[in-house]
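Please examine the structure below with this briefing at hand.

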Amino acid sequence: MDDGLNGFLRAAGEAVGPRWVDDSRRARDGYGASELPAGPVPPAAVVRPGSTDEVRAVVRLANEYGVTLHPISTGQNLGLGGTVAARPGNVVLDLGHRMNRILEFDETLRYVVVEPGVTYQALADFLVEQGDHLMCDTTSGPPAGGPLGNTLDKGGGYTPAADHFGNSCGLEVVLGDGRLLRTSDGAVPDSRTWHLAKYGLGPFLDGLFLQSNYGIVTRMGIWLQPRPPVIRSFFFVYPEDDDIAEIVEIVRDLRLNGTVPTAIKATGDLYSLASRIPYPGERPISDDTRKQLHGEYGVGAWIVSGALYGASRDDVEPRLATVRSLFEATGKARYVAHEEAWEDPGLKIHIDTYGGRPTAEETKMLNWRGGGLVSLTPSTPMIGSVARQHQRLSRDILARHRIDTCIDYIFAGRASRGLHSIMFDPSDPEECRDVATACTEFRSAYAEAGYPCGRVPADMQASEMGHRDATFRSVLHDLKRVLDPLGVLSPGRYGIG
Ligand SMILES: Cc1cc2nc3c(=O)[nH]c(=O)nc-3n(C[C@H](O)[C@H](O)[C@H](O)COP(=O)(O)OP(=O)(O)OC[C@H]3O[C@@H](n4cnc5c(N)ncnc54)[C@H](O)[C@@H]3O)c2cc1C
(Lines give C-alpha, C1' and ligand atoms only; values in the text may rest on other atoms or scores of the structure.)
Protein backbone atom coordinates (compact mmCIF):
# COMPACT_ATOMS: atom_id res chain seq x y z
CA MET A 1 0.00 0.00 0.00
CA ASP A 2 1.44 3.43 -0.89
CA ASP A 3 2.26 6.08 1.71
CA GLY A 4 -0.44 8.47 0.47
CA LEU A 5 -3.16 5.88 0.93
CA ASN A 6 -1.76 4.75 4.30
CA GLY A 7 -1.65 8.31 5.60
CA PHE A 8 -5.13 8.99 4.24
CA LEU A 9 -6.64 5.94 5.91
CA ARG A 10 -5.04 6.81 9.25
CA ALA A 11 -6.29 10.40 9.06
CA ALA A 12 -9.72 9.30 7.80
CA GLY A 13 -9.94 6.98 10.83
CA GLU A 14 -9.39 9.97 13.08
CA ALA A 15 -12.04 11.97 11.21
CA VAL A 16 -14.83 9.35 11.10
CA GLY A 17 -13.75 6.84 13.76
CA PRO A 18 -11.40 3.92 13.01
CA ARG A 19 -14.19 1.34 12.89
CA TRP A 20 -15.64 3.14 9.85
CA VAL A 21 -12.48 2.70 7.76
CA ASP A 22 -12.03 -0.73 6.24
CA ASP A 23 -9.26 -1.85 3.88
CA SER A 24 -9.72 -5.57 4.54
CA ARG A 25 -9.65 -8.01 1.64
CA ARG A 26 -13.27 -8.87 2.41
CA ALA A 27 -14.41 -5.26 2.05
CA ARG A 28 -12.41 -4.70 -1.12
CA ASP A 29 -13.77 -7.89 -2.70
CA GLY A 30 -17.33 -7.09 -1.64
CA TYR A 31 -17.40 -3.51 -2.89
CA GLY A 32 -15.35 -4.44 -6.00
CA ALA A 33 -17.72 -7.22 -7.11
CA SER A 34 -19.70 -6.34 -10.19
CA GLU A 35 -22.56 -7.79 -12.18
CA LEU A 36 -21.14 -6.25 -15.39
CA PRO A 37 -19.27 -8.18 -18.11
CA ALA A 38 -15.95 -6.41 -17.31
CA GLY A 39 -15.95 -8.13 -13.89
CA PRO A 40 -14.60 -6.83 -10.57
CA VAL A 41 -13.28 -3.27 -10.08
CA PRO A 42 -11.53 -3.49 -6.71
CA PRO A 43 -11.37 -0.35 -4.57
CA ALA A 44 -8.47 0.42 -2.23
CA ALA A 45 -10.66 0.64 0.89
CA VAL A 46 -14.08 1.70 2.19
CA VAL A 47 -14.88 4.70 4.42
CA ARG A 48 -18.31 5.11 6.01
CA PRO A 49 -18.91 8.70 7.12
CA GLY A 50 -21.73 9.56 9.52
CA SER A 51 -22.41 13.23 8.74
CA THR A 52 -21.88 15.98 6.20
CA ASP A 53 -19.03 17.35 8.32
CA GLU A 54 -17.32 13.97 8.21
CA VAL A 55 -17.78 13.81 4.42
CA ARG A 56 -16.13 17.24 4.14
CA ALA A 57 -13.24 16.13 6.34
CA VAL A 58 -12.68 13.01 4.22
CA VAL A 59 -12.79 15.03 0.97
CA ARG A 60 -10.21 17.49 2.33
CA LEU A 61 -7.98 14.55 3.29
CA ALA A 62 -8.37 13.03 -0.17
CA ASN A 63 -7.12 16.31 -1.64
CA GLU A 64 -4.24 16.42 0.84
CA TYR A 65 -3.08 12.82 0.34
CA GLY A 66 -3.86 12.50 -3.39
CA VAL A 67 -6.44 9.76 -2.94
CA THR A 68 -9.58 9.36 -5.09
CA LEU A 69 -13.04 8.73 -3.66
CA HIS A 70 -16.04 6.96 -5.19
CA PRO A 71 -19.26 7.97 -3.37
CA ILE A 72 -22.21 5.59 -3.28
CA SER A 73 -25.57 5.94 -1.56
CA THR A 74 -27.05 2.45 -1.14
CA GLY A 75 -24.93 0.85 -3.87
CA GLN A 76 -27.89 -0.97 -5.41
CA ASN A 77 -27.49 0.41 -8.92
CA LEU A 78 -27.65 -3.13 -10.28
CA GLY A 79 -27.29 -3.53 -14.03
CA LEU A 80 -25.28 -0.30 -14.00
CA GLY A 81 -22.42 -1.22 -11.70
CA GLY A 82 -23.75 -1.46 -8.14
CA THR A 83 -20.95 -0.32 -5.86
CA VAL A 84 -18.19 -0.26 -8.48
CA ALA A 85 -16.51 2.81 -9.97
CA ALA A 86 -15.42 3.42 -13.54
CA ARG A 87 -11.81 2.74 -12.51
CA PRO A 88 -10.12 0.59 -9.82
CA GLY A 89 -8.19 1.91 -6.82
CA ASN A 90 -10.63 4.48 -5.39
CA VAL A 91 -11.65 4.59 -1.78
CA VAL A 92 -15.39 3.89 -1.75
CA LEU A 93 -17.25 6.45 0.33
CA ASP A 94 -20.25 4.46 1.50
CA LEU A 95 -22.67 7.20 2.56
CA GLY A 96 -25.67 4.95 2.98
CA HIS A 97 -24.27 2.86 5.79
CA ARG A 98 -24.62 5.56 8.47
CA MET A 99 -26.25 8.54 6.78
CA ASN A 100 -29.69 7.02 6.47
CA ARG A 101 -32.04 9.42 8.23
CA ILE A 102 -35.24 11.06 7.08
CA LEU A 103 -34.35 14.59 8.12
CA GLU A 104 -37.67 16.34 7.53
CA PHE A 105 -41.26 15.37 6.82
CA ASP A 106 -44.03 17.86 6.15
CA GLU A 107 -47.46 16.35 5.59
CA THR A 108 -49.09 19.66 4.69
CA LEU A 109 -46.56 20.70 2.08
CA ARG A 110 -45.96 17.06 1.13
CA TYR A 111 -42.22 16.64 1.10
CA VAL A 112 -39.42 14.77 2.83
CA VAL A 113 -35.72 15.50 3.07
CA VAL A 114 -33.49 12.44 3.01
CA GLU A 115 -29.89 11.42 3.49
CA PRO A 116 -28.22 9.13 0.92
CA GLY A 117 -28.91 5.88 2.78
CA VAL A 118 -32.69 6.21 3.05
CA THR A 119 -34.01 3.30 1.00
CA TYR A 120 -37.21 3.09 -1.01
CA GLN A 121 -38.45 0.49 1.45
CA ALA A 122 -37.62 2.62 4.50
CA LEU A 123 -39.35 5.65 2.99
CA ALA A 124 -42.42 3.63 1.97
CA ASP A 125 -42.64 2.10 5.45
CA PHE A 126 -42.30 5.54 7.02
CA LEU A 127 -45.14 6.92 4.89
CA VAL A 128 -47.37 3.98 5.82
CA GLU A 129 -46.63 4.72 9.50
CA GLN A 130 -47.72 8.31 8.90
CA GLY A 131 -51.15 7.08 7.82
CA ASP A 132 -50.49 6.07 4.19
CA HIS A 133 -51.95 9.30 2.81
CA LEU A 134 -48.84 10.14 0.78
CA MET A 135 -46.65 8.18 -1.60
CA CYS A 136 -43.20 8.45 -3.09
CA ASP A 137 -42.48 7.11 -6.55
CA THR A 138 -40.33 3.97 -6.49
CA THR A 139 -38.37 1.95 -9.03
CA SER A 140 -39.12 -1.67 -9.91
CA GLY A 141 -35.61 -2.48 -8.68
CA PRO A 142 -34.26 -3.42 -5.27
CA PRO A 143 -36.27 -1.97 -2.36
CA ALA A 144 -32.86 -1.56 -0.69
CA GLY A 145 -31.97 1.01 -3.38
CA GLY A 146 -32.67 4.61 -2.52
CA PRO A 147 -34.17 7.76 -4.03
CA LEU A 148 -31.08 9.94 -3.62
CA GLY A 149 -28.62 7.66 -5.47
CA ASN A 150 -31.28 6.84 -8.03
CA THR A 151 -32.02 10.48 -8.75
CA LEU A 152 -28.30 11.24 -9.14
CA ASP A 153 -28.10 8.54 -11.82
CA LYS A 154 -31.16 9.97 -13.61
CA GLY A 155 -33.41 7.11 -12.54
CA GLY A 156 -37.13 7.01 -13.13
CA GLY A 157 -40.28 5.26 -11.99
CA TYR A 158 -43.92 4.72 -12.80
CA THR A 159 -46.34 7.00 -10.94
CA PRO A 160 -47.11 10.60 -12.02
CA ALA A 161 -43.86 11.49 -10.16
CA ALA A 162 -41.84 9.10 -12.34
CA ASP A 163 -39.34 11.86 -13.16
CA HIS A 164 -37.25 11.56 -10.01
CA PHE A 165 -35.10 14.60 -10.60
CA GLY A 166 -38.19 16.60 -11.56
CA ASN A 167 -39.66 15.75 -8.16
CA SER A 168 -36.51 16.47 -6.17
CA CYS A 169 -35.94 19.89 -4.67
CA GLY A 170 -32.84 21.33 -3.07
CA LEU A 171 -29.48 19.59 -2.68
CA GLU A 172 -26.68 19.82 -0.15
CA VAL A 173 -23.39 19.02 -1.89
CA VAL A 174 -19.79 18.63 -0.74
CA LEU A 175 -17.76 19.73 -3.75
CA GLY A 176 -14.54 18.02 -4.81
CA ASP A 177 -12.52 20.82 -3.21
CA GLY A 178 -14.36 20.42 0.12
CA ARG A 179 -16.65 23.47 -0.15
CA LEU A 180 -20.27 22.98 0.94
CA LEU A 181 -22.85 24.04 -1.65
CA ARG A 182 -26.53 24.42 -0.87
CA THR A 183 -28.43 24.77 -4.12
CA SER A 184 -31.22 27.22 -5.03
CA ASP A 185 -32.87 28.83 -1.97
CA GLY A 186 -30.64 26.75 0.30
CA ALA A 187 -27.91 29.31 -0.41
CA VAL A 188 -29.80 31.84 1.71
CA PRO A 189 -29.00 31.22 5.39
CA ASP A 190 -32.09 29.94 7.23
CA SER A 191 -34.15 29.85 4.04
CA ARG A 192 -37.52 28.21 4.61
CA THR A 193 -38.05 27.32 0.95
CA TRP A 194 -34.95 25.25 0.13
CA HIS A 195 -36.99 22.10 -0.45
CA LEU A 196 -40.16 23.82 -1.67
CA ALA A 197 -39.21 26.23 -4.46
CA LYS A 198 -37.05 24.44 -6.92
CA TYR A 199 -35.33 27.01 -9.08
CA GLY A 200 -34.22 29.85 -6.75
CA LEU A 201 -32.21 32.78 -8.04
CA GLY A 202 -29.48 32.65 -10.64
CA PRO A 203 -28.24 29.64 -12.60
CA PHE A 204 -29.88 26.36 -11.63
CA LEU A 205 -27.04 24.14 -10.43
CA ASP A 206 -28.76 20.96 -9.20
CA GLY A 207 -28.52 19.20 -12.56
CA LEU A 208 -24.73 19.43 -12.47
CA PHE A 209 -24.63 16.68 -9.85
CA LEU A 210 -26.50 14.10 -11.91
CA GLN A 211 -24.35 11.54 -13.76
CA SER A 212 -21.22 13.54 -12.94
CA ASN A 213 -18.35 13.53 -10.45
CA TYR A 214 -18.34 17.15 -9.29
CA GLY A 215 -19.69 16.70 -5.77
CA ILE A 216 -21.06 14.39 -3.10
CA VAL A 217 -24.73 14.92 -2.35
CA THR A 218 -25.51 14.56 1.34
CA ARG A 219 -29.13 15.74 1.46
CA MET A 220 -32.05 16.01 -0.98
CA GLY A 221 -35.67 17.12 -0.79
CA ILE A 222 -38.33 14.92 -2.42
CA TRP A 223 -41.85 16.03 -3.23
CA LEU A 224 -44.51 13.49 -2.30
CA GLN A 225 -47.87 12.82 -3.92
CA PRO A 226 -51.23 12.10 -2.31
CA ARG A 227 -52.14 8.42 -2.39
CA PRO A 228 -55.33 8.16 -4.44
CA PRO A 229 -58.23 6.30 -2.80
CA VAL A 230 -58.53 4.00 -5.81
CA ILE A 231 -55.75 2.74 -8.09
CA ARG A 232 -56.90 0.44 -10.87
CA SER A 233 -54.36 -1.14 -13.14
CA PHE A 234 -55.06 -2.51 -16.62
CA PHE A 235 -53.19 -5.01 -18.75
CA PHE A 236 -53.33 -5.95 -22.44
CA VAL A 237 -51.49 -8.94 -23.85
CA TYR A 238 -50.30 -8.60 -27.46
CA PRO A 239 -49.07 -11.62 -29.42
CA GLU A 240 -46.44 -10.32 -31.89
CA ASP A 241 -43.18 -8.37 -31.62
CA ASP A 242 -44.22 -5.92 -34.34
CA ASP A 243 -47.42 -5.06 -32.44
CA ILE A 244 -45.24 -2.54 -30.62
CA ALA A 245 -46.00 -0.07 -33.45
CA GLU A 246 -49.72 -0.20 -32.77
CA ILE A 247 -49.21 -0.03 -29.02
CA VAL A 248 -47.10 3.12 -29.27
CA GLU A 249 -49.66 4.84 -31.50
CA ILE A 250 -52.38 4.24 -28.89
CA VAL A 251 -50.28 5.07 -25.85
CA ARG A 252 -48.97 8.41 -27.14
CA ASP A 253 -52.32 10.17 -26.86
CA LEU A 254 -53.31 8.43 -23.65
CA ARG A 255 -50.21 9.92 -22.05
CA LEU A 256 -50.22 13.31 -23.79
CA ASN A 257 -53.87 14.04 -23.10
CA GLY A 258 -53.57 12.88 -19.48
CA THR A 259 -56.11 10.04 -19.61
CA VAL A 260 -53.56 7.76 -17.95
CA PRO A 261 -51.59 9.51 -15.20
CA THR A 262 -49.01 6.75 -14.64
CA ALA A 263 -46.33 5.63 -17.01
CA ILE A 264 -47.54 2.99 -19.45
CA LYS A 265 -45.20 0.07 -20.04
CA ALA A 266 -44.89 -2.55 -22.74
CA THR A 267 -43.01 -5.37 -21.09
CA GLY A 268 -41.46 -7.97 -23.39
CA ASP A 269 -42.15 -11.67 -22.80
CA LEU A 270 -38.64 -12.60 -21.69
CA TYR A 271 -38.27 -9.51 -19.48
CA SER A 272 -41.46 -10.55 -17.74
CA LEU A 273 -40.57 -14.25 -17.43
CA ALA A 274 -36.97 -13.75 -16.30
CA SER A 275 -38.04 -13.13 -12.71
CA ARG A 276 -40.58 -15.99 -12.74
CA ILE A 277 -39.19 -19.11 -14.41
CA PRO A 278 -35.85 -20.94 -14.69
CA TYR A 279 -33.88 -20.20 -17.87
CA PRO A 280 -35.37 -22.51 -20.52
CA GLY A 281 -32.56 -24.42 -22.25
CA GLU A 282 -29.71 -23.17 -24.45
CA ARG A 283 -29.04 -19.51 -25.15
CA PRO A 284 -30.50 -17.68 -26.96
CA ILE A 285 -34.13 -18.69 -26.45
CA SER A 286 -35.67 -19.44 -29.86
CA ASP A 287 -38.84 -17.84 -31.21
CA ASP A 288 -40.52 -21.25 -31.11
CA THR A 289 -39.74 -21.58 -27.40
CA ARG A 290 -41.01 -18.05 -26.83
CA LYS A 291 -44.34 -18.97 -28.46
CA GLN A 292 -44.53 -22.07 -26.29
CA LEU A 293 -43.89 -19.94 -23.18
CA HIS A 294 -46.65 -17.53 -24.22
CA GLY A 295 -49.15 -20.39 -24.08
CA GLU A 296 -47.77 -21.85 -20.88
CA TYR A 297 -47.63 -18.61 -18.84
CA GLY A 298 -50.35 -16.49 -20.43
CA VAL A 299 -47.93 -13.82 -21.61
CA GLY A 300 -47.56 -12.42 -25.13
CA ALA A 301 -44.74 -10.73 -27.02
CA TRP A 302 -45.81 -7.61 -25.05
CA ILE A 303 -47.78 -7.01 -21.89
CA VAL A 304 -49.04 -3.44 -21.88
CA SER A 305 -49.81 -2.03 -18.43
CA GLY A 306 -50.74 1.22 -16.73
CA ALA A 307 -53.04 2.45 -13.97
CA LEU A 308 -55.84 4.91 -13.41
CA TYR A 309 -56.26 6.93 -10.22
CA GLY A 310 -59.55 8.14 -8.84
CA ALA A 311 -61.74 8.97 -5.88
CA SER A 312 -63.81 5.77 -6.32
CA ARG A 313 -64.39 2.81 -8.63
CA ASP A 314 -67.21 4.78 -10.29
CA ASP A 315 -64.84 7.66 -10.93
CA VAL A 316 -62.30 5.39 -12.64
CA GLU A 317 -64.63 3.13 -14.67
CA PRO A 318 -65.42 5.52 -17.56
CA ARG A 319 -61.71 6.14 -18.18
CA LEU A 320 -61.01 2.41 -17.98
CA ALA A 321 -63.73 1.87 -20.58
CA THR A 322 -62.04 4.44 -22.87
CA VAL A 323 -58.66 2.74 -22.47
CA ARG A 324 -60.16 -0.70 -23.12
CA SER A 325 -62.01 0.45 -26.20
CA LEU A 326 -58.82 1.84 -27.73
CA PHE A 327 -56.74 -1.27 -27.16
CA GLU A 328 -59.48 -3.80 -27.86
CA ALA A 329 -60.55 -2.09 -31.10
CA THR A 330 -57.47 -3.54 -32.75
CA GLY A 331 -58.74 -7.09 -32.23
CA LYS A 332 -55.30 -8.21 -31.10
CA ALA A 333 -55.16 -7.26 -27.46
CA ARG A 334 -56.37 -9.54 -24.67
CA TYR A 335 -57.50 -7.60 -21.60
CA VAL A 336 -56.43 -8.70 -18.12
CA ALA A 337 -58.31 -7.02 -15.27
CA HIS A 338 -56.76 -5.64 -12.10
CA GLU A 339 -58.13 -8.44 -9.87
CA GLU A 340 -56.73 -11.19 -12.11
CA ALA A 341 -53.35 -9.44 -12.39
CA TRP A 342 -53.16 -9.08 -8.60
CA GLU A 343 -52.91 -12.89 -8.34
CA ASP A 344 -50.04 -13.10 -10.84
CA PRO A 345 -46.62 -12.29 -9.27
CA GLY A 346 -45.25 -11.08 -12.63
CA LEU A 347 -48.11 -8.62 -13.15
CA LYS A 348 -48.31 -7.65 -9.49
CA ILE A 349 -44.86 -6.01 -9.90
CA HIS A 350 -46.51 -3.42 -12.13
CA ILE A 351 -49.45 -2.86 -9.78
CA ASP A 352 -47.03 -2.23 -6.92
CA THR A 353 -44.92 0.27 -8.81
CA TYR A 354 -47.96 2.18 -10.15
CA GLY A 355 -48.92 2.64 -6.50
CA GLY A 356 -45.46 3.60 -5.22
CA ARG A 357 -44.95 0.32 -3.33
CA PRO A 358 -41.43 -1.15 -3.55
CA THR A 359 -41.20 -4.81 -4.59
CA ALA A 360 -38.31 -7.26 -4.69
CA GLU A 361 -39.99 -9.53 -7.28
CA GLU A 362 -38.33 -8.12 -10.39
CA THR A 363 -34.82 -8.39 -8.94
CA LYS A 364 -35.23 -12.17 -9.14
CA MET A 365 -34.22 -11.72 -12.79
CA LEU A 366 -30.64 -11.46 -11.54
CA ASN A 367 -30.71 -15.22 -10.88
CA TRP A 368 -31.81 -16.09 -14.40
CA ARG A 369 -28.36 -16.47 -15.90
CA GLY A 370 -26.27 -16.58 -12.74
CA GLY A 371 -26.05 -12.93 -11.76
CA GLY A 372 -24.74 -10.98 -14.78
CA LEU A 373 -26.86 -7.95 -15.73
CA VAL A 374 -26.40 -4.92 -17.97
CA SER A 375 -29.06 -2.24 -18.41
CA LEU A 376 -29.02 -0.08 -21.52
CA THR A 377 -31.67 2.59 -21.96
CA PRO A 378 -31.99 4.42 -25.26
CA SER A 379 -34.91 6.83 -25.54
CA THR A 380 -36.89 6.84 -28.76
CA PRO A 381 -39.76 8.99 -30.02
CA MET A 382 -43.35 7.84 -29.55
CA ILE A 383 -43.96 7.05 -33.19
CA GLY A 384 -45.15 3.54 -33.98
CA SER A 385 -43.04 2.94 -37.07
CA VAL A 386 -39.90 4.13 -35.24
CA ALA A 387 -40.64 1.85 -32.29
CA ARG A 388 -41.09 -1.15 -34.61
CA GLN A 389 -37.81 -0.37 -36.37
CA HIS A 390 -35.99 -0.07 -33.05
CA GLN A 391 -37.17 -3.25 -31.46
CA ARG A 392 -36.07 -5.02 -34.66
CA LEU A 393 -32.68 -3.28 -34.41
CA SER A 394 -32.27 -4.44 -30.80
CA ARG A 395 -33.31 -8.02 -31.61
CA ASP A 396 -30.96 -8.20 -34.62
CA ILE A 397 -27.91 -6.98 -32.72
CA LEU A 398 -28.51 -9.10 -29.63
CA ALA A 399 -29.37 -12.27 -31.59
CA ARG A 400 -26.14 -11.94 -33.58
CA HIS A 401 -24.32 -12.36 -30.25
CA ARG A 402 -26.62 -15.11 -28.97
CA ILE A 403 -28.18 -12.84 -26.37
CA ASP A 404 -31.86 -12.83 -25.41
CA THR A 405 -33.85 -9.65 -25.98
CA CYS A 406 -35.48 -8.59 -22.71
CA ILE A 407 -37.07 -5.16 -23.11
CA ASP A 408 -39.34 -3.09 -20.92
CA TYR A 409 -40.51 0.01 -22.79
CA ILE A 410 -41.59 2.74 -20.38
CA PHE A 411 -43.72 5.28 -22.20
CA ALA A 412 -44.02 8.96 -21.44
CA GLY A 413 -45.98 11.02 -23.96
CA ARG A 414 -43.21 12.08 -26.31
CA ALA A 415 -40.46 9.55 -25.77
CA SER A 416 -40.15 6.01 -24.57
CA ARG A 417 -37.37 4.68 -22.35
CA GLY A 418 -36.34 1.33 -23.82
CA LEU A 419 -34.95 -0.52 -20.83
CA HIS A 420 -32.92 -3.42 -22.27
CA SER A 421 -31.86 -5.82 -19.51
CA ILE A 422 -29.13 -8.14 -20.71
CA MET A 423 -28.79 -11.12 -18.40
CA PHE A 424 -25.77 -13.36 -18.68
CA ASP A 425 -23.61 -15.93 -16.91
CA PRO A 426 -20.68 -14.01 -15.41
CA SER A 427 -18.69 -17.23 -14.91
CA ASP A 428 -18.62 -17.90 -18.67
CA PRO A 429 -15.84 -15.81 -20.29
CA GLU A 430 -17.24 -16.36 -23.80
CA GLU A 431 -20.66 -15.10 -22.77
CA CYS A 432 -19.09 -12.07 -21.04
CA ARG A 433 -17.19 -11.26 -24.25
CA ASP A 434 -20.37 -11.64 -26.32
CA VAL A 435 -22.23 -9.27 -24.00
CA ALA A 436 -19.45 -6.66 -24.02
CA THR A 437 -19.25 -6.72 -27.84
CA ALA A 438 -23.02 -6.63 -28.25
CA CYS A 439 -23.31 -3.66 -25.88
CA THR A 440 -20.72 -1.67 -27.84
CA GLU A 441 -22.48 -2.44 -31.12
CA PHE A 442 -25.87 -1.69 -29.60
CA ARG A 443 -24.84 1.71 -28.21
CA SER A 444 -23.13 2.71 -31.47
CA ALA A 445 -26.12 1.66 -33.58
CA TYR A 446 -28.54 3.67 -31.44
CA ALA A 447 -26.24 6.71 -31.35
CA GLU A 448 -25.85 6.58 -35.15
CA ALA A 449 -29.62 6.32 -35.55
CA GLY A 450 -29.93 9.51 -33.46
CA TYR A 451 -31.21 7.88 -30.26
CA PRO A 452 -28.24 7.62 -27.87
CA CYS A 453 -28.42 5.77 -24.55
CA GLY A 454 -29.18 8.03 -21.57
CA ARG A 455 -27.88 5.86 -18.73
CA VAL A 456 -25.19 3.21 -19.10
CA PRO A 457 -23.14 0.96 -16.78
CA ALA A 458 -19.95 2.18 -15.11
CA ASP A 459 -17.66 0.29 -17.51
CA MET A 460 -19.32 1.80 -20.62
CA GLN A 461 -19.72 5.44 -19.56
CA ALA A 462 -16.48 6.75 -21.05
CA SER A 463 -17.09 5.17 -24.45
CA GLU A 464 -20.74 6.31 -24.45
CA MET A 465 -19.58 9.87 -23.71
CA GLY A 466 -17.45 9.51 -26.86
CA HIS A 467 -20.67 9.75 -28.87
CA ARG A 468 -21.13 13.37 -27.64
CA ASP A 469 -19.54 16.30 -29.44
CA ALA A 470 -16.28 18.03 -28.47
CA THR A 471 -17.94 21.16 -27.07
CA PHE A 472 -20.17 19.20 -24.72
CA ARG A 473 -17.24 17.14 -23.49
CA SER A 474 -14.90 20.11 -23.03
CA VAL A 475 -17.51 22.00 -20.97
CA LEU A 476 -17.84 18.95 -18.71
CA HIS A 477 -14.06 18.86 -18.23
CA ASP A 478 -13.91 22.61 -17.56
CA LEU A 479 -16.56 22.24 -14.85
CA LYS A 480 -14.56 19.41 -13.31
CA ARG A 481 -11.50 21.64 -13.03
CA VAL A 482 -13.52 24.30 -11.21
CA LEU A 483 -15.47 22.08 -8.81
CA ASP A 484 -12.93 19.32 -8.20
CA PRO A 485 -9.57 20.80 -9.25
CA LEU A 486 -7.43 17.88 -8.05
CA GLY A 487 -9.83 15.33 -9.50
CA VAL A 488 -10.44 13.42 -6.27
CA LEU A 489 -14.03 12.37 -7.02
CA SER A 490 -14.68 9.20 -9.00
CA PRO A 491 -12.36 9.85 -11.95
CA GLY A 492 -13.76 8.64 -15.28
CA ARG A 493 -17.39 8.55 -14.10
CA TYR A 494 -19.48 9.30 -17.19
CA GLY A 495 -16.20 9.85 -19.02
CA ILE A 496 -15.31 12.96 -17.00
CA GLY A 497 -11.86 13.54 -15.52
C1 LIG B 1 -34.53 -5.61 -11.60
C2 LIG B 1 -34.13 -4.18 -11.51
C3 LIG B 1 -35.05 -3.18 -11.78
C4 LIG B 1 -34.67 -1.84 -11.72
N5 LIG B 1 -35.62 -0.91 -11.98
C6 LIG B 1 -35.27 0.39 -12.01
C7 LIG B 1 -36.25 1.38 -12.33
O8 LIG B 1 -37.42 1.09 -12.50
N9 LIG B 1 -35.83 2.67 -12.39
C10 LIG B 1 -34.54 3.02 -12.14
O11 LIG B 1 -34.22 4.21 -12.23
N12 LIG B 1 -33.61 2.11 -11.82
C13 LIG B 1 -33.94 0.81 -11.73
N14 LIG B 1 -32.99 -0.13 -11.39
C15 LIG B 1 -31.59 0.31 -11.10
C16 LIG B 1 -31.25 0.57 -9.60
O17 LIG B 1 -31.58 -0.51 -8.81
C18 LIG B 1 -31.89 1.81 -9.01
O19 LIG B 1 -31.70 2.88 -9.88
C20 LIG B 1 -31.32 2.14 -7.61
O21 LIG B 1 -32.34 2.74 -6.89
C22 LIG B 1 -30.14 3.08 -7.60
O23 LIG B 1 -30.08 3.75 -6.32
P24 LIG B 1 -28.89 3.53 -5.31
O25 LIG B 1 -29.11 4.24 -4.05
O26 LIG B 1 -28.61 2.07 -5.19
O27 LIG B 1 -27.72 4.23 -6.08
P28 LIG B 1 -26.18 4.02 -5.88
O29 LIG B 1 -25.75 2.72 -6.48
O30 LIG B 1 -25.76 4.27 -4.49
O31 LIG B 1 -25.70 5.24 -6.77
C32 LIG B 1 -25.77 5.28 -8.17
C33 LIG B 1 -24.54 6.03 -8.68
O34 LIG B 1 -24.70 7.43 -8.37
C35 LIG B 1 -23.51 7.98 -7.79
N36 LIG B 1 -23.83 8.44 -6.44
C37 LIG B 1 -24.59 7.77 -5.55
N38 LIG B 1 -24.75 8.48 -4.45
C39 LIG B 1 -24.07 9.63 -4.61
C40 LIG B 1 -23.92 10.78 -3.81
N41 LIG B 1 -24.52 10.88 -2.63
N42 LIG B 1 -23.18 11.81 -4.28
C43 LIG B 1 -22.62 11.72 -5.50
N44 LIG B 1 -22.75 10.65 -6.32
C45 LIG B 1 -23.48 9.61 -5.88
C46 LIG B 1 -22.49 6.87 -7.74
O47 LIG B 1 -21.57 7.00 -8.76
C48 LIG B 1 -23.27 5.59 -7.94
O49 LIG B 1 -22.57 4.67 -8.71
C50 LIG B 1 -33.33 -1.48 -11.40
C51 LIG B 1 -32.40 -2.48 -11.10
C52 LIG B 1 -32.80 -3.82 -11.15
C53 LIG B 1 -31.79 -4.87 -10.82
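The crossing of α12 and α13 is right-handed, a term used when the near helix is turned clockwise from the far one by less than a right angle. This is a predicted model, in which local features need pLDDT of at least 70 and side-chain atom pairs count only at pLDDT 80 or more, while totals for chains, interfaces and linings use all residues. Residues are numbered from 1 along each chain as its sequence is written, and side-chain values use heavy atoms, without hydrogens and water.

**The helix pair**

- Two packed helices are described by the angle between their axes and the distance between the axes.
- The axes of α12 (residues 384-400) and α13 (residues 429-449) come within 9 Å and cross at roughly 155°.
- Helices α12 and α13 are therefore roughly antiparallel to each other (a word for angles over 145 degrees).

**The shell around the ligand**

- Ser73, Thr74, Gln76, Asn150 and Tyr158 come nearest among the 33 residues around the ligand (those with a heavy atom within 4 Å of it).
- Helix α5 (147-152) is one of the elements that each supply at least two residues of this shell, and its four residues are the largest share.
- By class, the shell holds 18 polar, 12 nonpolar and three charged residues.

- A backbone N or O atom of Gly156 lies 2.8 Å from a ligand nitrogen atom, a polar contact (a pair of N or O atoms within 3.5 Å).
- In the side chain of Arg493, an N or O atom is 2.8 Å from an oxygen atom of the ligand.
- The protein buries 96% of the 970 Å² that the ligand exposes when taken alone (areas by the Shrake-Rupley method with a 1.4 Å probe).

Methods
Polar contact = N/O pair within 3.5 Å; in protein donor to acceptor, adjacent residues only side chain to side chain. Nonpolar A, V, L, I, M, F, W, Y, C, P; charged D, E, K, R; others polar. Axes fitted to C-alpha atoms, helices over the stretch in contact; angles between N-to-C directions. Parallel < 35°, antiparallel > 145°, perpendicular 65-115°, else oblique.
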